[in-house]
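Dear colleague,

I am passing on the structure we spoke about, and below it you will find what came out of going through it. Please read the notes with the model open beside you.

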Amino acid sequence: MDRPWPQDDPAPLSVPRPDEVDPAVLGALLARHGWRRRGGAPGAYARWTPPGRGAGGTSLLVPESRDFPDSGDLLGEALMALGRSAAPSAREVLTGLAVPSDEIRWWREVPESPGGTSAWTAQERLRAAARDTLLAGALAARGRAGYYGARHRRAAEASLERVLTGPPGAGSGGRELTVFVPVEEEGRATAVTLLRALYALRDAADYHRTTGGMEAYDAAIAAGASRELTEAVIALVQGTEGARVALEWSPAAGPPPGFAARPDPVEFSPGDLPGLREAGARYVRDEPSVPVCLTGAVVRLRRTGPGGPGAVRLRVLSGAEVAQVRITLDEEDYRIAGHAHLVGLPIRVRGRLESRGGFRRLSGAGGVTPVQVDEAERDRLVKSLQENLDFFEEACGGGP
């Protein structure tokens, strides 16, 4: 399993202790990942064998409960065997035990590849599309929008750091990938939102192919659809005969309220691409600008002469979920911003965060005022200024 996403080298997995494992959860994970139950003593234990012909003589005895004296010993032996097994499914089972997670699986129907290079390329494309799909779900979990641009991106990307990716499996050829999204913290919200959004996008694609109308795509925004999600699905489907996304809930946590125990997979085909592209462009075009009052540290000032308006770049501290914004200020506001920069103070400014350019520009900006901060924050801002002395000339109005 890879950690953090999307690291490529499998990290070693620690085998959980027997007293940390619920036998029912272990049995559910074995069944989910293709292990076959081949008898055992009913009500006491079950014998499981791994999927595929390369299983050899490996088998596990898994107790069905902790009611028997040897249950702990059997669990310990089963966990040790899983840790030593070379089967990819064994690592997936151990991951599900170590980190209670919702599992999301992607499939792409791509042609068979005679060599390894094209298969490797297909796997990279699949991983990138899967990550972008998850990122769209994490963005939508923070608030609905047709187009996010830079908004919420830092927080959404940070929430994916605990996501684990499964091994591609022998002979997958870039056609299959499993991701484990931890249930704790924001993981379950991301999985739930993504599933709703994919269902809404599938319904909208069906409606568009039947009627040519875009109304269902507009309505899908309320369920979490966005430009970011349409772009991810387009990347997933492009160059394939079709693609599918399926979600299975953590056996330890169970399904969230209102959801089926085994949600139906969501499928997309190349015939959906024109509608998805049109919807993505529509989402960007229709997303309105946002009135904001930002507090930020000036990181760059620039104007063409000693007087007149100038351009400022702010590192946003509060007021909007973006990392930086660009602003054009009149002469007086530019002078105030320059002075605040030189003494290590952030500024407060009002304006409209424009969707054009990805919500990275503030239009109609004005009312710039310095903001007092505590000594530790001011010292840090001054240190940052001293480390960027090449901006002094620009801050004072000189240079092109």
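Helices in these notes are DSSP runs of H or I with at least four residues, and strands are runs of E with at least two, both numbered from the N terminus. Please keep in mind throughout that this is a predicted model.

By that assignment, L94 has its place in helix α3, which covers residues 88–98. Is L94 buried or exposed? With a relative accessible area of 3%, L94 is buried, because buried here means anything under 20%. The C-alpha atom of L94 is separated by 8.0 Å from that of L79, although the two residues are 15 residues apart along the chain.

The crossing in which α2 passes α3 is left-handed. On the side of α2 the contact is made by L79, L82 and G83, and on the side of α3 by A90, V93, L94 and L97, so that L94 and L79 both take part in the contact.

Among the contacts with a separation of 6 or more, 68% are between residues 24 or more positions apart.

An open sheet of 3 strands has the order β1-β2-β3, and its pairing is antiparallel. Which strands are the edge strands of this sheet? They are β1 (36–37) and β3 (60–63), each of which pairs on one side only. Between β1 and strand β2 (residues 45–49) there are 2 bridges in the antiparallel sense, and R37 has W48 in β2 as its bridge partner. Helix α2, which spans residues 71–84, packs on the sheet and touches β2 and β3, and its direction makes about 140 degrees with that of β3. Helix α1 (residues 23–32) also lies across β2 and β3, running at about 140 degrees to β3. Taken with the packing described above, α2 touches the strands β2 and β3 and has a contact with α3 through L79, L82 and G83.

Strand β4 (residues 101–108) pairs with β6 in the antiparallel sense over 7 bridges, and the bridge partner of S101 in β6 is P182. Strand β4 also pairs with strand β7 (residues 243–248), again in the antiparallel sense, over 6 bridges, with A243 in β7 as the bridge partner of R108. Strand β6, for its part, is joined by 2 bridges to strand β5 (residues 164–165), and these two run antiparallel; here L164 has F180 in β6 as its bridge partner. Why can β4 be called largely enclosed by the rest of the structure? The reason is that 7 of the 8 residues of β4 are buried. Strand β6 (residues 176–182) is likewise largely enclosed by the rest of the structure, because 6 of its 7 residues are buried.

The last item is another pair of helices. Helix α8 (residues 227–237) and helix α9 (residues 273–286) pack at an angle of about 155 degrees, and their axes are 8 Å apart. The two are therefore roughly antiparallel to each other, and α8 passes α9 in a left-handed crossing. The contact is made by R227, T230, V233, I234 and V237 of α8, together with L273, L276, R277, G280, A281, Y283 and V284 of α9. These residues divide into 8 nonpolar, 2 polar and 2 charged.

With best regards

Key. Residues numbered from 1 in each chain as written. Predicted model: local features only at pLDDT ≥ 70, side-chain atom pairs only at ≥ 80, totals over all residues. Heavy atoms only, no water. Buried < 20%, exposed > 50% of the residue type's maximum accessible area, 1.4 Å probe, protein only. Pairing = 2+ DSSP bridges. Contact = heavy atoms within 4.5 Å. Axes fitted to C-alpha atoms, helices over the stretch in contact; angles between N-to-C directions. Parallel < 35°, antiparallel > 145°, perpendicular 65-115°, else oblique. Left-handed = near helix turned anticlockwise from the far one by under 90°. Nonpolar A, V, L, I, M, F, W, Y, C, P; charged D, E, K, R; others polar.
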